Amino acid sequence: MPRSLPRLLRRTLPRTLPRTLPRTLSARLALVAGLLACVSSVACLAVVQRTATRELVDDVDADLATQAREWDALVATMPVHDRDDLIAVARAYLVQQHEHPLSQLQVVRVAGGGPELSNQPTLARRSADVLATAPEGYAVASIDGGRAEVYTRTVRDGDRVLGTLQVADWLSQVDAARATLRAEALAVGTPLSLGAAALVALAAVGMMRPLRRICDVAGRVGEGEWDARPHAGPAATREIAEVTASLQRMLDRVQSSFEAERRFVADASHELRTPLSVLRAHTESVRRRTDDPDVADELGTVLRRIDGVARLVDDLLTLAVADATGTGAGSRTGAGSRTGTALLAPASIDIGDLAADLARDLPLLGDRRFVVRAEPGVLHADPVRIDQVLRNLTGNAVRHTVSGGTVEVRFATASDGRLEMVVEDDGEGVHPDLLPAVFERFRSGPPGTPRGAGLGLAICRALVEAHGGSIAMHSRWGQGTRVRVLLPGWSPAPVQTGLASAAPDADAACGTERGISYQGGVSCRTVPPAVPPAVSPSASARPSPS
């Protein structure tokens, strides 16, 4: 074996073996049991075959030894002193051995180039080279295409070699017995291995069932079902009972901490709204009374900061309400549950009007090229919450898009009949490390990128899931981001012949390179980008993207 082979195995096996093994513990136990049964069957087969083969070969050797003793008995009555005596004894021996089966071969070879006498002369001549090289005593040789046991003895007169006696018998019966043993072992060992693997698999499934229940409970808790608890059951082993009890205690502590945090956030949000409102009112009053433009600018900055804090408080309160009603991000409870609708006030929303309002307000967010396309129809949902989702998503798109970039919003019927809302930009995209957890709370972009409080997308997910919908993000770093929202309760308007093609492409129909293109069924208009005022009165009325 080359020296590099063990080194290669040591390097490759730790990497390749885990990938080739089954993923579940029960399957691995079944595989190990099957391998052990196969190894045991092979070992038993080897032992039985070796023992049976040795016994059969011993029987052949005993038969050959009997013929050699018959030669000795004949020599005792007919002494051999020269070549003529050897030839005479050989002829008498072959006549005497004529009663033995023809499957046996007897050969007497006279030394010094003398004649060769045999009960099967033709076979003896064909095998002369093989027999001439056979050692003294018992040996296995290939004669006429078959395996044979050959007994060889040198005939002497004192120190003088007169010739050679060889007696052979074929091992065909031995080989046939070995083949039969292998076939029977295969016929018995294969079902035995499969049966052992199946029994171990069943036993493993039974042993893994409590662990699987614990994993299911852990998954439900991870999805927001905080009341879920594992139960060991009366037949559980001591180890399973200890793990279950430890997990129950841990989940109780986690749930208590989570509820305390939620209560604190909700209470703090409620308590902060009143002083923030009072602070803003006093600041606006002072700003209106001052005549100093520098003081007025400073007070405007203070107002914007107060509005930012107020929006953050509103975001925290929204998440606290979503958690309390079981509709927070990561919760299993969705719209239509007993408490899930407490966060919502559903009504009929005209998507055309919603898109028009959005098209009118988007230029206030920044110097971007905005495109809004809307398929006419009515959505049954909470207008305030849907508007909050759109403002958060478009605000994120603007924040992560350079000046002059494109932000597109589309409303259309999805393949499953739900409303599809898409917010797409050609900005920097989402960092690959952040993308898997982008909808979790307090997740912001990497250093050097625009950063918010990390609550906007979490709020979007909570509100969308409260409506029974879904939200997903597709992004490539440096190539833009696409957020897709699917909402139930959508009723598209009937297609009106002759009107659907009035504005087949918003960009072409409106003929704008900057600003906003709005396409909603039959109308299309262009709104130039506006410069946002220092203080927007509506800024505190709508939740801002985070």
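A crossing of two helices is left-handed if the near helix is turned anticlockwise from the far one by less than a right angle, and right-handed if clockwise. The model here is predicted, with local features needing pLDDT of at least 70 and side-chain atom pairs pLDDT 80 or more, while totals for chains, interfaces and linings use all residues. Residues are numbered from 1 along each chain as its sequence is written, and side-chain values use heavy atoms, without hydrogens and water.

**Exercise 1.** Describe how helices α10 and α11 pack.

*Solution.* Start by finding α10 at residues 383-399 and α11 at residues 456-466; helices are DSSP runs of H or I with at least four residues, and strands are runs of E with at least two. Next, take the angle, about 150°, and the axis separation, 9 Å. Axes are lines fitted to C-alpha atoms, for helices over the stretch in contact, and angles run from 0 to 180 degrees between N-to-C directions. The crossing of α10 and α11 is left-handed. Now look at the contact (heavy atoms within 4.5 Å): residues of α10 including Val389 and Leu393 meet residues of α11, among them Ile459 and Leu463.

**Exercise 2.** Work out the strand order of the open five-stranded sheet.

*Solution.* Pairing requires at least two DSSP bridges between two strands. At the edges, β2 (116-118) and β3 (137-143) each pair on one side only. From one strand to the next, the twist averages 25°. Finally, zoom in on β1 (104-110) and β5 (160-170), which share seven bridges; valine 107 stands opposite glutamine 166 of β5.
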